[in-house]
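I opened my notebook to look through one chain, piece by piece. My notes follow the order in which I looked things up.

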Amino acid sequence: MVKETKLYDLLGVSAGASDAEIKKGYRKMALKYHPDKPTGDTEKFKEVSEAFQILSDKEKKEIYDTYGLEAARGNAPAGNPFEGMGGGAGGAGGAGGPGGTFRFSSSGGAGGHPFTQADAFNIFNQFGGFEDIFGGAGGPGGAAGGRSARGGSPFGGMGGMGGMNGMGGMNGMGGMGGMGGMGGMGGGAPPPPKREAEVVDLNVPCSLEEFYKGGVKKLKINRKGSSGANEAKIIEINIKPGWKAGTKITYPNEGDYKNGMRQTLRLILADKPNPVFKREDNNLRAVVKLSFKESLLGFQHEFTTVSGRKLHLSRSTPTQPNFTETFPGQGMPISKQPGKFGDLIIEYKVDYPTYLTAEQKKAITANF
């Protein structure tokens with residue numbers, strides 16, 4: 001029986017979930033809470049990623065199941081669970097044993113650093129981001145099933161517990177004698193917390209046609225390298241049909257090299273003005289101008305939609321100013337509902353004359 005189920009709950013799986021179920025749960029929750037999604041939640045995204053990092057590592061998962069989250073992170077929880085297991089407490093926050101004294105770090109994960117948003121994005125991006133979150137054959141890590149050769153996390157224990165193989169498989173903890181160095185933490189001071197990369201926003205104007213059709217948009221940027229010299233970089237933006245202005249796409253380690261690390265580049269898609277259409281969520285609105293005569297006697301017009309389809313507009317009765325006509329399914333693609341589209345709304349504007357001759361007035365008076 002596991003000590004707590006918080007990490008399993010975050011991924012929406014049971015405590016006895018298989019590796020495949022844990023991956024599937026992470027995929028679902030990471031896509032739901034990713035900060036670039038409408039349903040995004042930055043803190044939840046971080047929690048889900050940490051949950052996956054721990055549960056996808058066999059050794060960390062076993063520690064979590066037995067002693068809880070803080071132990072899996074390498075922090076000593078209240079009432080040190082290792083006391084008395086292998087002979088003597090070995091000092092505050094430590095466990096003594098035949099192999100020496102092990103101390104938990106109180107400032108971060110064992111042999112690593114506190115789990116950060118950068119770690120969360122790295123996990124997501126190592127699986128291909130939005131495009132293919134778990135990559136191709138075998139996934140990242142170079143071994144079947146996305147696992148590293150070590151048999152633990154597909155990230156090779158990112159920021160993890162290091163060398164726990166001396167624990168004798170955790171069976172009875174083997175007197176804790178083999179834990180000696182445990183990821184290099186044998187007795188030295190823990191490393192400083194990992195610095196967060198600076199995030200730089202960049203607006204990227206996109207045409208209505210690009211939002212409609214989708215596709216790859218290439219963006220050339222100039223950035224500073226580690227030497228301070230400018231360097232060119234081509235970034236590919238995979239635009240999904242139906243995406244809207246305001247969509248954010250994050251590219252870690254693609255900005256300027258600053259303070260010993262590269263900035264995170266966050267691209268924000270923006271609308272280019274369109275001479276015909278105005279976007280209203282998933283709908284498109286367009287104006288068709290009618291002459292005064294057409295508004296009274298009727299008209300026939302040909303209108304080209306954003307997809308290139310030709311619509312034949314016609315009326316044989318008078319058209320009131322600002323009259324609208326709706327064409328279902330002729331608007332923008334709905335990104336979350338593939339195969340479905342918004343509507344096209346045609347608004348008719350009547351070009352009223354500003355001056356009438358005496359003959360025109362007489363004709364109108366005679367006929368109305």
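**Entry 1: a loop residue**

I began with Ser226, which sits in the loop between strand E4 (215-224) and strand E5 (230-239). I kept in mind that this is a predicted model. Is Ser226 buried or exposed? Its relative accessibility is 62%, and exposed means over 50%, so Ser226 counts as exposed. Next I checked Ser226 against Tyr257. They are 31 residues apart in sequence, yet their C-alpha atoms are 5.4 Å apart in space.

**Entry 2: the whole chain**

I stepped back and looked up the totals. I found nine helices and 15 strands in the chain. The chain has 368 residues, and 40% of them are buried. I then took the contacts between residues at least 6 apart in sequence. Of these, 56% join residues at least 24 apart. The accessible surface of the chain is about 19,300 Å². Carbon and sulfur atoms account for 51% of that surface.

**Entry 3: helix H4**

I moved on to helix H4, residues 58-67. How many of its 10 residues are buried? I noted seven, so H4 is mostly covered. The buried ones are Glu59, Lys60, Lys61, Ile63, Tyr64, Asp65 and Tyr67. What covers them? The cover includes helix H1 (6-11), helix H2 (19-33), helix H3 (42-55) and helix H5 (69-73).

I also looked at both ends of H4. Asp57 caps the N-terminal end. One of its side-chain oxygens lies 3.0 Å from the backbone nitrogen of Glu59. After H4 comes Gly68, which has a positive phi, near 100°.

**Entry 4: the nonpolar cores**

I wrote down a general point before looking: in soluble globular proteins, nonpolar side chains tend to be buried together. Then I searched for the largest nonpolar core. It has 31 residues. Those with the most contacts inside this core are Ile237, Leu267, Phe277, Phe303, Leu313, Leu344 and Ile346. Which strand gives the most to this core? Strand E11 (residues 283-291) does, with four residues. Why does the core lie between domain 2 (199-271) and domain 3 (277-351)? I saw that both domains give residues to it, so it lies between them.

Ile346 is then in contact with Ala286, Val288, Phe303, Leu313, Phe323, Thr324, Glu325 and Phe327.

Technical notes
Residues numbered from 1 in each chain as written. Predicted model: local features only at pLDDT ≥ 70, side-chain atom pairs only at ≥ 80, totals over all residues. Heavy atoms only, no water. Core = buried A, V, L, I, M, F, W, Y, C linked by side-chain atoms within 4.5 Å. Buried < 20%, exposed > 50% of the residue type's maximum accessible area, 1.4 Å probe, protein only. Helix = DSSP H or I, 4+ residues; strand = E, 2+ residues; numbered from the N terminus. Domains from an automatic or database assignment. Contact = heavy atoms within 4.5 Å. Polar contact = N/O pair within 3.5 Å; in protein donor to acceptor, adjacent residues only side chain to side chain. Areas by Shrake-Rupley, 256 points an atom, 1.4 Å probe, with all protein chains shown as cover. Lists of a residue's contacts leave out its neighbours within four places in sequence.
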